[in-house]
Amino acid sequence: MYVQQTKYLKVKPEEFSEVLNGIRADVKWAFIKHDKDEGVEEHYHVILHYEHSSRISTVANIFDDDPERVQIWDNRWNNACGYLIHATKNSVKDGKYPYDVSEVTANFDFAKKITEIQSRVSGAKQIENVIKEYGNGDIDRDELELKLGDAELAKNHIWISRIDDIRAQRKHEEFLKDFEGHAQETIWLWGAAGVGKSRYADFLTQGKETAKLGSSRDYFQDYHGESFVILNDLRPNEFSYADLLRITDPYQHDKSAPRRYHDLKLNLKMLIITSPYSPDDFYEYCKVNNYQIDTFDQLKRRIHAIHITSEFMKEVMPDEFGQDDEWQGFM
C-alpha cells in the first residue's frame, strides 16, 4: 500500500492510471482519494497486489517517492480492498468516513469484489456445497473464507480442519519424494532491532511461496505447507532447543513442528530465522535439558549465520539503501 498526502505527491493523481497500467501485467491495483476524514489531511491510498513479490523500492519508484511511503500489507487482499472505502471492522469501529465504491479507480471490477466480500452464503446445503468445493480443490482457502465468513468457518472448523489435514499429509508425501537427497538450508539473520533483518529475509525468499511466522505462543499456527519459512524475531525459550535442532536438521525431512493442538508436518527447503540474538548468545540464554548431549555445535553445523548491519544492507541491497541514508524499512 502506497500512502501520501496530496500536497506531497510527485506523480499527479490524474496520471495514476496511466502509470499503474505501465507496470507488470500480473498486478492488480486500486486507488482512492481520502478527503472526508475528520482531522486528517487529504491523501491518497494505492493498493497493489503482486502475483509474485516486489521490492518496496520498486513500488516507491512508480510514484517517484520514498520507500517509507510504501507499506507491506500483511493482511489479506480482501482486507486491503475493504480498507480503501473504510469497510473493514476496525475502520467502522473507529468511526472513519465510509467512502463509496464509485470513488475507487481500479484495473478490476472493484464494486463486484466488495459485493463478494460483503455477501455470504446461507443455508446448510449451500454451506455444505462450498466446503465440498474446497475439499475437491475447486476453490482455494481465501475463497472459502470469503464465501463462508467467520461464523460458518468456526461452526465447520472440524470438517475443514480434516480436509486441511488430508491435504497436508498428501502434500508432505509429495515433498518427501521430490526433495529426497537434497539438503534443507537454514539461515540465521541476527542483529539490532530495525536494522533490516526481516527485509533481507523477504529479499531472500522473493518470488517464493513463503510462510512468514512470528508468534511466541504458537509459531506455526499460520503454516500451510510452504517450503520456504521465515521465523521472525525468535527469542530463547520460545522453542525448546530439541525442537530447534529438529526443524533445522538439513537431511531429516520427515519432521514436524510443534503446534498447540497437534504437531504439523513440515515441507522445508529453506528456513530463515531472524533474531536479535547471535546463535551462540541464543544458546547461552536458551533452556537446554542436557548440555553434554544438546551442544551448541549441533546448531552451528545446521545453520548459516549472518550478522545484519546497516553497512551489510547497503552492500547487498544498494537499490534499497543510499550510501548516506539510514534504514527506513518496515519490520
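Against which helices do the buried residues of H6 pack? In this predicted model, the buried residues of H6 pack against helix H7 (141-155) and helix H8 (157-178).

Helix H6 itself covers residues 124-135. Its 12 residues reach 16 Å from the first C-alpha to the last, close to the 16 Å expected at 1.5 Å a residue. Four names make up its buried set: Ile-127, Val-130, Ile-131 and Tyr-134. Seen down the axis of H6, these buried residues fall within an arc of 95°, so they line one face of the helix. Just after H6, Gly-137 takes a positive phi of about 85°.

The side chains of Arg-141 and Glu-145 meet in a salt bridge, with 3.0 Å from N to O. Both residues lie in helix H7, four residues apart, which is about one turn of the helix. Arg-141 is partly exposed, with a relative accessible area of 30%, whereas Glu-145, at 17% relative accessibility, counts as buried.

Side chains of opposite charge can pair when their charged atoms come close. The count of salt bridges in the model comes to 16. In one of them, the side chains of Asp-65 and Lys-10 meet at 4.0 Å, N to O. Asp-65 lies in the loop between helix H2 (56-62) and helix H3 (77-84), and Lys-10 lies in the loop between strand E1 (2-5) and helix H1 (16-21), so the pair ties together parts that are 55 residues apart in sequence. Asp-65 is buried, with a relative accessible area of 8%, while Lys-10 counts as partly exposed at 48%.

A further salt bridge joins the side chains of Asp-35 and Lys-36, at 3.1 Å from N to O. Asp-35 is partly exposed at 34% relative accessibility, and Lys-36 is partly exposed at 35%.

Where does Glu-226 lie? Glu-226 is found in the loop between strand E6 (210-213) and strand E7 (228-231). Glu-226 is buried yet has no salt bridge, and the nearest side chain of opposite charge, that of Lys-171, is 6.2 Å away. A polar atom of the Glu-226 side chain does, however, lie 2.9 Å from the backbone nitrogen of His-224. Leaving aside neighbours within four places in sequence, Glu-226 is in contact with Lys-171, Glu-209, Thr-210, Ala-211 and Asn-267.

Note on methods:
Residues numbered from 1 in each chain as written. Predicted model: local features only at pLDDT ≥ 70, side-chain atom pairs only at ≥ 80, totals over all residues. Heavy atoms only, no water. Helix = DSSP H or I, 4+ residues; strand = E, 2+ residues; numbered from the N terminus. Buried < 20%, exposed > 50% of the residue type's maximum accessible area, 1.4 Å probe, protein only. Lys, Arg positive; Asp, Glu negative; His and termini not counted. Polar contact = N/O pair within 3.5 Å; in protein donor to acceptor, adjacent residues only side chain to side chain. Contact = heavy atoms within 4.5 Å. Expected span 1.5 Å × (residues − 1). Arc of directions from axis to C-beta.
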